Amino acid sequence: MEELKSNLEKNNLLQSQLTRIQSLIDIIYLVNVTWLYVFSLIYPLFGIIFGVIISQGSISQYGQKIGRTCLILGVVNLVLLIISVVIFIALGGVLSKLIPYSI
């Protein structure tokens, strides 16, 4: 009977440790995925290249979903960057005609 209690306590301890390890793995996974998304937003070329590599090379559905998300974030950011540069150039041309130069 005493041996059964000892084995049950060991089993509970192992189950608790496995749960903690799984929680730590989930936290590390979420932090890594978050940084991939942040880099995809900051550097659109990184998002596009990394998104293509992960979405095409990953076996799991989770990896393909992360790759597609990085790809979408990279493309959207690149399009927004191009639009903002075009608007900046157009406004610069208009403002240079409105403001007279004085030397």
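The model is predicted, so local features need pLDDT of at least 70, side-chain atom pairs count only at pLDDT 80 or more, and totals for chains, interfaces and linings use all residues. Residues are numbered from 1 along each chain as its sequence is written, and side-chain values use heavy atoms, with hydrogens and water left out.

**Exercise 1.** Work out how α2 and α3 pack.

Solution. Two packed helices are described by the angle between their axes and the distance between the axes. Helix α2 covers residues 44-57, and its axis lies 7 Å from that of α3, at an angle of about 155°. That makes α2 roughly antiparallel to α3 (angles over 145 degrees count as such). Finish with the handedness: α2 and α3 cross in a left-handed way.

**Exercise 2.** Is S40 buried or exposed?

Solution. Start by placing S40 in helix α1, residues 2-42. Its relative accessibility is 0%, so S40 counts as buried (under 20% relative accessible area, 1.4 Å probe, protein chains only). Then look along the chain: L14 is 26 residues from S40, and their C-alpha atoms are separated by 39 Å.

**Exercise 3.** Compare the places and accessibility of I72 and L95.

Solution. I72 is found in helix α3, and L95 belongs to that helix too, which spans residues 61-98. With a relative accessible area of 55%, I72 is exposed (over 50%). L95, at 47%, counts as partly exposed (between the buried and exposed cut-offs).

Conventions
Helices (H or I, at least four residues) and strands (E, at least two) are DSSP runs, numbered from the N terminus. Axes are lines fitted to C-alpha atoms, for helices over the stretch in contact, and angles run from 0 to 180 degrees between N-to-C directions. Angles under 35 degrees count as roughly parallel, over 145 as roughly antiparallel, 65 to 115 as roughly perpendicular and the rest as oblique. A crossing is left-handed if the near helix is turned anticlockwise from the far one by less than a right angle, and right-handed if clockwise.
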